[in-house]
Amino acid sequence: MPLQWDEQYPLARCRVIRGRVAPGDDGFAFGLNEATGLVTEVRRQEEVAEMGKGDRVVTVDGTPLEESQLNEVEPESVVELGVWKK
């Protein structure tokens with residue numbers, strides 16, 4: 001049985017409060033390549049202090065990223081992200 005990633009790599013757990021700050025803003029404090037989970041930019045570092053560019057998001061509220069629909073998560077919500085540090 002393969003090890004779970006949590007057992008192989010430490011996860012940083014980020015609590016993120018997301019809100020829209022301008023028309024057209026998607027409400028996320030970070031840019032993410034949803035195909036790979038890689039963080040492409042950090043827009044509001046104070047909201048995701050544990051996250052940096054090149055990290056990989058692996059869970060959203062305890063659900064694997066590939067099973068999550070980030071575009072369906074309501075803005076203004078609080079979300080916990082599991083992040084592998086680069």
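This is a predicted model: local features need pLDDT of at least 70, side-chain atom pairs count only at pLDDT 80 or more; totals for chains, interfaces and linings use all residues.

Trainee: Which residue other than glycine has a positive phi?

Mentor: Asp61, with a phi near 50 degrees. Asp61 sits in the loop between β4 and β5.

Trainee: Why is Asp61 called partly exposed?

Mentor: Buried means under 20% relative accessible area and exposed means over 50%. Asp61 has 48%, so the label is partly exposed.

Trainee: And how do you know whether Glu47 is buried or exposed?

Mentor: By the cut-off of under 20%. Glu47 has a relative accessible area of 19%, so Glu47 counts as buried. Its place is the loop between β3 and β4. Beyond its neighbours within four places in sequence, Glu47 is in contact with Arg15, Val16, Ile17, Arg18 and Ala29.

Trainee: What about Leu65, is that residue buried or exposed?

Mentor: Leu65 has a relative accessible area of 9%, and because that is under 20%, Leu65 is buried. Leu65 lies in the loop between β5 and β6. Leaving aside neighbours within four places in sequence, its contacts include Leu32, Glu34, Gly37, Val57 and Val60. Here is a distance to picture: the C-alpha atoms of Leu65 and Leu81 are 9.1 Å apart, with the two residues 16 positions from each other along the chain.

Trainee: What makes a group of residues a nonpolar core?

Mentor: The members must be buried residues of the nonpolar kinds on the core list, joined through side-chain atoms within 4.5 Å. The largest such core here has 17 residues, and Phe30, Leu32, Met51, Val57, Val60, Leu81 and Val83 touch the most other members. At least two residues of this core come from each of β1, β2, β4 and β6. In soluble globular proteins, nonpolar side chains tend to be buried together.

Trainee: Which residues does Val60 touch?

Mentor: Not counting residues up to four places away in sequence, Val60 touches Leu65, Ser68, Leu70, Val79, Glu80 and Leu81.

Trainee: Why is β6 described as mostly covered?

Mentor: Five of the seven residues in β6 are buried. For the chain as a whole, 38% of the 86 residues count as buried.

Trainee: How do you know which strands pair with β6?

Mentor: Count the bridges, with at least two needed. β1 and β6 share seven, in the antiparallel sense, and β4 and β6 share four, also antiparallel. Within those pairings, Leu11 has Trp84 as its bridge partner in β6, while Val57 stands opposite Val83.

Trainee: How is a pocket told apart from a cavity?

Mentor: A pocket is an open set of points, whereas the probe cannot get out of a cavity. The second largest pocket has a volume of about 180 Å³. It is lined by 12 residues, and those closest to its centre are Asp26, Phe28, Glu34, Leu70 and Asn71. The lining of this second largest pocket divides into six nonpolar, two polar and four charged residues.

Trainee: How many helices and strands are there in the chain?

Mentor: One helix and six strands. From the N terminus on, the elements run α-β-β-β-β-β-β.

Key: Residues are numbered from 1 along each chain as its sequence is written. Side-chain values use heavy atoms; hydrogens and water are left out. Buried means under 20% relative accessible area, exposed over 50%, partly exposed in between (1.4 Å probe, protein chains only). Contact means heavy atoms within 4.5 Å. On a 1 Å grid over the protein atoms alone, a cavity is a set of points where a 1.4 Å probe fits but cannot get out, and a pocket is an open set with protein on both sides within 12 Å along at least five of seven lines; lining residues have an atom within 4 Å of a point. Grid points are joined across faces, edges and corners, and a volume is the space filled by probe spheres set on the points. Ala, Val, Leu, Ile, Met, Phe, Trp, Tyr, Cys and Pro count as nonpolar, Asp, Glu, Lys and Arg as charged, and the others, Gly among them, as polar.
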